[in-house]
Amino acid sequence: MDKATPKIKNKNAAPVQISAEQILREAKERQEIAIKAPKQKIHDHAELMEYRGRKRKEFEDRIQRSRLHINEWLKYATWEENQDELQRARSIYERALQVDSKNATLYLKYVEMEMKHKNIALARNLFDRIVTILPRRDQFWLKYTYMEEMLEEVARARQIFERWMQWEPEEEAWMAYVKFEKRYKELERARVVYERFVHIHPEPKNWIKWAEFEEREGKTEKAREIFTRAIEVMGEELMEQRLFIAFAKFETRLKETDRARVIYKYALDRIPRSKSQALYNQYVQFEKQYGDKDGIEDVVVGKRRLQYEADLATNLKNYDTWFDYGKLEESTGDVDRVREVYERAIAQVPPAQEKRLWRRYIYLWIKYALFEELETKDYERARQVYKGCIKLIPHKKFTFAKIWLLYAKFEIRQLDLSAARKALGMAIGMCPKDKLFKGYIELELELRAIDRARTLYAKYLEWSPSTCAAWIKFAELESELQDAERARAIFDLAVSQPELDMPEILWKAYIDFEVSEEQWAHARSLYKQLLERTAHVKVWISWAHFEASVPEEGQADVARDVFKKGSQTMKDQGLKEERLILLEAWKEFEQAQGTAESLKSVQDLMPKMVKKRRQVESADGGAGGSSQWEEYYDYIFPDDQKEQPNFKLLQMVQQWKAGNNK
């Protein structure tokens, strides 16, 4: 030891302890104010030219470094514009467009500059250029027409709109054209635009807009004709309720209630019930104002009822019809009729004990139980419905977790927690399923019954120890409860299982847990254990990235060591493609955190891809003829070549051959 180095005689703790917080606070207080560049005042033309030259050089240097970064070009052009150097600004915009010829932001800033400085001719030329290159960008068409309109060049603006419409743009563009014509009282031209509009976009809402336009202009006969044409064009297959609603409301506003009623009836007869709910509601509202509600509702419901009965006469097992029938009766409010329909429906038990046949049937019971609970408030009857459904299902062959969970939640709503737990416990004992366990555990967690949830997880894992998702959820529960040791024990038990459905997810969750706990040594040990089981390249890459992320000194070198070990392992096992993937990941790591020297060392390890031929054996085991040769790609690594015998001699022969070819 150096004699000048003082020896510490008293190694006891100092009487005044300094905390890390205090050190940081003092460092912040003593921190010097950052030096700001002084403001420069320009006194003459020579200083101005020097300043401009310096700034231009800075901008040019930035552009050379990041040529594809459009923001640098925009800053440069904006600066030249602020210096009143419009010609230079144009030159910069043109250079930028050579880099990215379809960048909308560039064109937008360029044309805004010309418009700002009232260079109308240049702006027009630029707009023509933009809409030729980017005809689908509506923003530029709108700006072009707006500029011409501000210049009171109405004819030019109309000509631009016509050019725009040739591209058959979206609906907003057509409506902009219509509003333009309306601003200048060109109603006939607006009608022509509407005619072309509905031909290109024949949606009902566009027909409605045209009819409303004619109605506002007082052309009621023309509006009625448009509605009629729309119905003919759409046909029965493409009928939509909103078109008929708009038509009927139009007739109602004209006090033509008989016409409106005919339109409603015509639509209800032709549009399916599933697609005409809003239409029916409007019809009911219309009859409340202008007709007899009870009579109309009875007619509509009676007609639907007859239709459903006819459908069921052909097939009683059509459960979709039973759903619609029950919904219809629920809308009438007749409880006895609703119960009759549901009782008839649940009596249609599927013919075979196959789960696919029971899937829709079970929902009839569910709808029935919910109706009794929510609509009639008959909770005892709802309970009997649930119990009847559970009794009917053949649980030895299959079950439905949904019905068990719905019944349990129903009992909880009735404040009978013991009945709910009893039902779910019986379900797990009779027919355990993943969904049952998950639902039961979720229920207990919502009730904050942590010990019960732990017990259920134990039973779940005892029933299915290969389910990785259950192990992970169990460990996450303990982690949320801040019991890291218990969570770690669960993970240890999970990874020791002989068979797992998704082991990679389990190991990842375990490692992420240790990382979240900042237990770097434990996480490192897990990686080593995992590599003993599988030497997959993704594991090596993940390990290296983990080592690089550890907030300790020298971790970059540790990550490089991991990459080296992984590369050597891939090399020993002859896994060339996996080795290439690992080297690519290593290269990205060095680009982000390494030096030029370390990056070059990795690049030197990168292989060359060569095309080779190999002979394929025929089906009988003998060698095939010339037609049995196939080509394939192979990777040749530099260090593999050096280990081959006579490598230097072969390299010299290749150099001699290349010299003779010259």
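**Salt bridges, helix contacts and selected residues**

In this predicted model, R383 has a relative accessible area of 15% and is therefore buried, since a residue counts as buried when this value is under 20%. The partner of R383 is E411, with which R383 forms a salt bridge whose closest N and O atoms are 2.8 Å apart. E411 belongs to helix α21 (residues 401-413) and R383 to helix α20 (residues 379-392), so this pair ties together parts that are 28 residues apart in sequence. The relative accessibility of E411 is 1%, and E411 therefore also counts as buried.

The salt bridge between E411 and R383 belongs to a set of 44 salt bridges in the structure. In general, side chains of opposite charge can pair when their charged atoms come close. A further example is provided by E80 and R56, whose closest N and O atoms lie 2.7 Å from each other. E80 and R56 are both buried.

A salt bridge is also found between the side chains of E514 and R488, with an N to O distance of 2.7 Å. Helix α27 (residues 503-516) contains E514 and helix α26 (residues 484-495) contains R488, so the bridge ties together parts separated by 26 residues in sequence. Both of these residues, E514 and R488, are buried.

Contacts between helices were examined next. The axes of helix α29 (residues 537-549) and helix α31 (residues 576-593) come within 9 Å, and their crossing angle is roughly 15°. Angles under 35 degrees count as roughly parallel, and α29 and α31 are therefore roughly parallel to each other. The crossing in which α29 passes α31 is right-handed. On the side of α29, the contact involves V537, W540, I541 and A548, and these meet E578, I581, L582, A585, F589 and Q593 of α31. By class, the residues of the contact between α29 and α31 comprise eight nonpolar, one polar and one charged.

A second pair is formed by helix α14 (residues 257-270) and helix α15 (residues 277-290), whose axes come within 10 Å and cross at roughly 150°. Because this angle is over 145 degrees, α14 is roughly antiparallel to α15. The crossing of α14 and α15 is left-handed. From α14, the residues T257, A260, R261, Y264, K265, A267 and L268 take part, and they meet L279, Y280, Q282, Y283, F286, E287 and Y290 from α15. The contact of α14 with α15 has nine nonpolar, two polar and three charged residues.

D84 has a positive phi, near 65°, and is placed in the loop between α3 and α4 (86-99). With a relative accessible area of 61%, D84 is exposed, because the exposed class covers values over 50%. L415 likewise has a positive phi, near 65°, and occurs in the loop between α21 and α22 (417-430). The relative accessible area of L415 is 80%, and L415 is therefore exposed.

H545 is located in helix α29, and its relative accessibility of 41% places H545 in the partly exposed class. H545 and A556 are eleven residues apart in sequence, and their C-alpha atoms are 9.3 Å apart in space. H117 lies in the loop between α5 (104-116) and α6 (120-133). The relative accessible area of H117 is 28%, so H117 is partly exposed. Although H117 and L86 are 31 residues apart in sequence, the distance from C-alpha to C-alpha is 9.0 Å. When neighbours within four places in sequence are left aside, H117 is in contact with E81 and L86.

Key:
Residues are numbered from 1 along each chain as its sequence is written. This is a predicted model: local features need pLDDT of at least 70, side-chain atom pairs count only at pLDDT 80 or more; totals for chains, interfaces and linings use all residues. Side-chain values use heavy atoms; hydrogens and water are left out. A salt bridge is a side-chain nitrogen of Lys or Arg within 4 Å of a carboxyl oxygen of Asp or Glu. Buried means under 20% relative accessible area, exposed over 50%, partly exposed in between (1.4 Å probe, protein chains only). Helices (H or I, at least four residues) and strands (E, at least two) are DSSP runs, numbered from the N terminus. Axes are lines fitted to C-alpha atoms, for helices over the stretch in contact, and angles run from 0 to 180 degrees between N-to-C directions. Angles under 35 degrees count as roughly parallel, over 145 as roughly antiparallel, 65 to 115 as roughly perpendicular and the rest as oblique. A crossing is left-handed if the near helix is turned anticlockwise from the far one by less than a right angle, and right-handed if clockwise. Contact means heavy atoms within 4.5 Å. Ala, Val, Leu, Ile, Met, Phe, Trp, Tyr, Cys and Pro count as nonpolar, Asp, Glu, Lys and Arg as charged, and the others, Gly among them, as polar.
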